Amino acid sequence: MKTIKFLSLITIALLVVSCNKNGVSNKPLVTEADSVSYAIGLSNGYQVRAGFEEANIDLFVQGLRNGVDSTNILIEQDKINSIIQAYFQKRQQEEMKKKQEEAAKKAEEQYGENKAAGEKFLAENISKEGVETTESGLQYIVLKEGSGEKPVATSKIKIDYHGTTIDGAVFDSSVDRGTPYESLANQFIKGFTEGLLLMPVGSKYRFFIPQELAYGAQNRSKEIKPFSALIFEVELLEIVK
């Protein structure tokens with residue numbers, strides 16, 4: 001595991017720190033082995049500074065010594081890896097979330113008009129004849145109601161679909177390709193999957209999907225810009241057994 005390998009490298013560097021804290025003075029580089037030893041320590045010291053700047057060096061050295069002499073252990077051995085993994089996974093998730101929020105903010109500044117246009121379209125569409133709205137905000141019209149069973153999220157389904165933006169630009173269409181599409185029902189954007197699970201086999205629905213149930217701030221293509229509301233006509237042909 002990368003985290004464990006990284007921390008094992010840190011040990012080499014901090015052994016030097018530990019010795020210096022206990023009164024051992026810096027030694028000159030006399031032999032080739034001395035130079036290599038110092039180079040390894042210096043290299044890994046740079047890694048500590050670059051990869052784990054939050055490190056509490058005193059506690060690291062304390063843990064190192066406790067592990068060597070098996071005394072005053074504060075964390076049970078079988079919990080060590082899970083604590084390390086949880087910390088770095090949490091930090092990675094926080095960094096990813098921060099980047100996503102920054103990207104979404106930048107996208108909204110650039111594509112705010114697109115977001116507003118989608119919200120306006122859906123606000124007007126909601127009151128039109130035949131339009132149903134789910135709790136999540138998905139809007140749909142039943143064009144044809146089938147009599148078959150309804151899929152579940154893990155069902156493999158065969159569908160025909162035709163996808164457009166709210167201004168009518170086609171971005172994807174199995175109908176135009178002339179070939180139905182097969183996939184698990186849960187492999188689509190949230191709004192599409194939610195709509196599929198409402199449909200008995202043999203049905204044809206039109207979905208009006210808010211951007212937050214579609215691709216959100218992602219710039220997917222020339223047609224699907226950030227914050228795009230999408231429209232799909234979907235026919236559920238079969239649940240593939």
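A: Helices here are DSSP runs of H or I with at least four residues, numbered from the N terminus. The model is a predicted one. Tyr-46 lies in helix H2, which covers residues 32-51.

Q: Why is Tyr-46 called partly exposed?
A: The relative accessible area of Tyr-46 is 45%. Buried requires under 20% and exposed over 50%. Tyr-46, at 45%, falls in between, so the residue is partly exposed.

Q: What makes Leu-29, Tyr-38, Leu-42 and Tyr-46 a patch?
A: These residues form a nonpolar patch on the surface, with about 410 Å² of accessible area together. A patch takes residues with over 30% relative accessible area. Tyr-46 has 45% and therefore passes that cut-off.

Q: Why does Thr-165 count as buried?
A: Its relative accessibility is 6%. The limit for buried is under 20%, so Thr-165 qualifies. Thr-165 sits in strand S3, residues 156-165.

Q: Which residues does Thr-165 touch, leaving out those up to four places away in sequence?
A: Thr-165 touches Phe-171, Glu-223, Ala-229 and Ile-231. Touching is a matter of heavy atoms within 4.5 Å.

Q: How many helices and strands does the protein chain have, and what pattern do they follow along the sequence?
A: The protein chain has 6 helices and 7 strands. Along the sequence the pattern reads α-α-α-α-β-β-β-β-α-β-α-β-β.

Q: What share of the protein chain counts as buried?
A: The share is 31% of 241 residues. The accessible surface of the chain is about 15,700 Å², with 52% of that belonging to carbon and sulfur atoms.

Methods:
Residues are numbered from 1 along each chain as its sequence is written. This is a predicted model: local features need pLDDT of at least 70, side-chain atom pairs count only at pLDDT 80 or more; totals for chains, interfaces and linings use all residues. Side-chain values use heavy atoms; hydrogens and water are left out. Patches are made of residues with over 30% relative accessible area and no salt bridge: like charges are joined within 9 Å, nonpolar side chains (Val, Leu, Ile, Met, Phe, Trp, Tyr) within 5 Å. Accessible areas come from the Shrake-Rupley method with a 1.4 Å probe; for residues, only the protein chains shown count as cover. A salt bridge is a side-chain nitrogen of Lys or Arg within 4 Å of a carboxyl oxygen of Asp or Glu. Helices (H or I, at least four residues) and strands (E, at least two) are DSSP runs, numbered from the N terminus. Buried means under 20% relative accessible area, exposed over 50%, partly exposed in between (1.4 Å probe, protein chains only).
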